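User: I would like to learn how to read a protein model. Can we go feature by feature?

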Amino acid sequence: MQYLVIFTPNKKFETDGVPSDFAETELKEQAQVRVLYAGGGARQVWALDTKTRGGVILFEAESPEHLQEMIDSFPLIKADYADYQILPLAPHAAFSKKS
């Protein structure tokens, strides 16, 4: 099943500012997304515009639990620097089989 996941900076950045280790954690994040992409879990990856910041990933996962494992593997999630929204995807009715 495919899932679209939208990642955005944690709201605490608005009050606390950017943590001192953010740049290093973001580099680890980029490495992890390349690992998931190479393994087929992350199918497509986009950056949100510079005003919104964050990213969007189209995931291919065997189950919701498998998806959660991939999301939890991201350093920005582990550090509680990012929030995310999961959108499960299904075939559009225009392309589904009709009897």
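User: Which element gives the most to the lining of the largest pocket?

Analyst: First, the ground rules. This is a predicted model, where local features need pLDDT of at least 70, side-chain atom pairs count only at pLDDT 80 or more, and totals for chains, interfaces and linings use all residues. Residues are numbered from 1 along each chain as its sequence is written, and side-chain values use heavy atoms, with hydrogens and water left out.

Now the idea. On a 1 Å grid over the protein atoms alone, a pocket is an open set of points with protein on both sides within 12 Å along at least five of seven lines; lining residues have an atom within 4 Å of a point. Helices (H or I, at least four residues) and strands (E, at least two) are DSSP runs, numbered from the N terminus.

Here, helix 2 gives the most to the lining, with 5 residues. Strand 1, strand 2 (42-47), strand 3 and helix 4 are among the others that each supply at least two.

User: What is the volume of the largest pocket, and which residues lie nearest its centre?

Analyst: A volume is the space filled by probe spheres set on the grid points, which are joined across faces, edges and corners. For the largest pocket that comes to about 470 Å³. Its lining has 22 residues, and Glu26, Glu29, Gly54, Gly55 and Leu76 lie nearest the centre.

User: How many helices and strands does the chain have?

Analyst: The chain has 4 helices and 4 strands. Along the sequence they run β-α-α-β-β-α-α-β.

User: Which residues have the most contacts inside the largest nonpolar core?

Analyst: In soluble globular proteins, nonpolar side chains tend to be buried together. Buried means under 20% relative accessible area, exposed over 50%, and partly exposed in between (1.4 Å probe, protein chains only). A nonpolar core is a set of buried Ala, Val, Leu, Ile, Met, Phe, Trp, Tyr and Cys residues joined through side-chain atoms within 4.5 Å.

The largest core here has 19 residues, and Val5, Phe7, Ile57, Phe59, Leu67, Ile71 and Phe74 have the most contacts inside it. Strand 1 (2-9), helix 2 (22-38), strand 3 (55-60), helix 3 (64-72) and helix 4 (75-78) each give two or more residues to this core.

User: What is Ile71 in contact with, beyond its neighbours within four places in sequence?

Analyst: Contact means heavy atoms within 4.5 Å. With those neighbours set aside, Ile71 is in contact with Val5, Phe7, Phe59, Ile77, Tyr84 and Ile86.

User: Is Lys12 buried, exposed or partly exposed, and what lies 3.2 Å from its side chain?

Analyst: Lys12 sits in helix 1 (residues 12-16). Its relative accessible area is 28%, so Lys12 is partly exposed. A polar atom of its side chain lies 3.2 Å from the backbone oxygen of Asp80.

User: Where is Asp80?

Analyst: Asp80 is in the loop between helix 4 and strand 4. Its phi is positive, about 60°, although Asp80 is not a glycine. At 41% relative accessibility, Asp80 counts as partly exposed.

Key: A polar contact is a pair of N or O atoms within 3.5 Å; within protein, one must be able to donate a hydrogen and the other to accept it, and residues adjacent in sequence count only if both atoms are side-chain atoms. On a 1 Å grid over the protein atoms alone, a cavity is a set of points where a 1.4 Å probe fits but cannot get out, and a pocket is an open set with protein on both sides within 12 Å along at least five of seven lines; lining residues have an atom within 4 Å of a point.
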